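Visitor: I have a chain and a ligand to look at. Please show me around.

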Amino acid sequence: MNDSNHDHFKSDRMATWIKSAWLPQHPTAITVWTSVAVVSETVVERIDRSMSFAGYRFTASEALDCPVVANIRQLDDRSFVWRQTGAFIYHFNPEAGGDVIDVLVLCAQIHEVGWSFVVLAALPEHFKKGWTAFVEEANRLDEAYDQHDRVIVIGGRQNSFVPTVDWDEIVLPSALKTDLLNDVDAFFKKGVSIYLKLNLKPFRKLLLAGVPGTGKTMLCNALAKWAISEGYLVIYISSARKTSNEEEYTTSFSKIERALEAAASSSVPTLILLEELDAYLHEDEKALVLNVLDGSEAPLNTKGTLLVSTTNYPEAIDERVLKRPGRLDRVFIIPEVKTDMDAVEMLKRYLGAMWNDEFKQFAHELVGYPGAFIREVAIYALTQVAQDDLPELPPALLEKSFKALKAQIDARDNFLKQRSFGLGDPLRSANGS
Ligand SMILES: Nc1ncnc2c1ncn2[C@@H]1O[C@H](COP(=O)(O)OP(=O)(O)OP(=O)(O)O)[C@@H](O)[C@H]1O
Ligand SMILES: [Mg+2]
């Protein structure tokens, strides 16, 4: 049998090598599991060289040849080493004089696919406390990676992304957009200090509710872009249902927990975007989520944490969340297109150069549909124009596209029909002020 095919033997082989190659010169060393964050070059580079780790300062790390783990690097989009496998020595200098400490770190990937690592460190027993503090700092920097220009993703395939949606691109009643942005802005700029004065955790929770395709995800993206321009940390918790194979083992709640931990360790105000809140409220984890919404469980950032969640299934968010004061501070209803003017604007946006003033009349028929539907109508029509090589879009073709899509959708379980949210008073009182 070939051991290398068996992941769980990887750490055994690493430990065996440590025993033969490291322990003879470092007889007091103990071997511990450690965090993959310590082998990220971006993280190591940012560790403050004057910071004290139980009386020691980190000075440098160097790579070491090791037959058990090869040095393979994964570069990020700026060519920094994001993750790497291999063997490394970390040097720590005592602040008060004495011997330099060397810590051996071995990191190996344990699955061919996905990013699962086993990381071991061999360190002098008396440096346990220092090493723990060092790992904690590495984790903090790892979570806060690039906090100023990218959104950190938890539970998704990518580590981070750059938000690109501008407020102007979103066609919604301007009062609603202004209201939302003012709410968020006021929390960070004024609200946080009020919470602190009252001895409350500065944690505000908003919900964007609306049928599919009304622009909730777009709003989150635009909020993220705004928050980054303000220098805030933005964390995006990817949808609970679309777990990648790597995440299958972590429960969805642990993603919320990780986000809150990252927020707590951040030195700047933090915006957490949680898509599909309803998906987290299943029986297994509901109690945990409720505790988080209460703020009783959450470690918190004194600079303020704002949670913006979305749902297109508010029926699933029961009274325990909506009616109990303090769990959700405010609900914003994100509506379908409400006026002829908005329908015209939406059509113009997605038809681009093919827009024609004659379409204004037709726009009325689009009132009551979500933005995503109007976009589909436009794209469908433009595809026909391209197929038939037409110089412009005839009004009849636009109308035909609308009817075709409407028929498809009507057939699909009334998906676009006005839904009664069934939320009762909390919604009205939250939104109708
Ligand atoms: N209000 C809007 N203004 C401009 N474009 C919109 C708007 N709503 C939807 N769209 C278009 O439809 C696409 C889908 O919208 P989005 O993903 O934001 O909807 P959603 O409300 O998040 O839907 P879901 O509830 O299904 O997640 C957008 O990328 C955009 O192209
Ligand atoms: Mg969405």
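**The ligand and its shell**

Guide: The shell around ligand 1 holds 17 residues, and the closest are Pro 212, Gly 215, Thr 217, Gly 371 and Ala 372. A residue is near a molecule if its C-beta atom, placed from the backbone, lies within 6 Å of it. This is a predicted model: local features need pLDDT of at least 70, side-chain atom pairs count only at pLDDT 80 or more, and totals for chains, interfaces and linings use all residues. Residues are numbered from 1 along each chain as its sequence is written, while chains are lettered from A and ligands numbered from 1 in the order in which they are written.

Visitor: Which helices each supply at least two residues of the shell around ligand 1?

Guide: Helices (H or I, at least four residues) are DSSP runs, numbered from the N terminus. Two of them qualify: helix H5 (216–229) and helix H11 (371–387).

Visitor: From which domains does the shell around ligand 1 draw at least three residues each?

Guide: Domain bounds come from an automatic or database domain assignment. By these bounds, the shell draws on domain 2 (160–336) and domain 3 (340–411).

**A loop residue**

Visitor: Is Val 68 buried, exposed or partly exposed?

Guide: Val 68 lies in the loop between strand E2 (56–64) and strand E3 (72–75); strands (E) are DSSP runs of at least two residues. A residue is buried with 20 or more other C-beta atoms within 10 Å of its own, exposed with 12 or fewer, and partly exposed in between; C-beta atoms are placed from the backbone. Val 68 has 15 C-beta neighbours inside 10 Å, so it counts as partly exposed.

Visitor: How far apart in space are Val 68 and Lys 10?

Guide: In sequence, they are 58 residues apart. In space, C-alpha to C-alpha, the distance is 8.6 Å.
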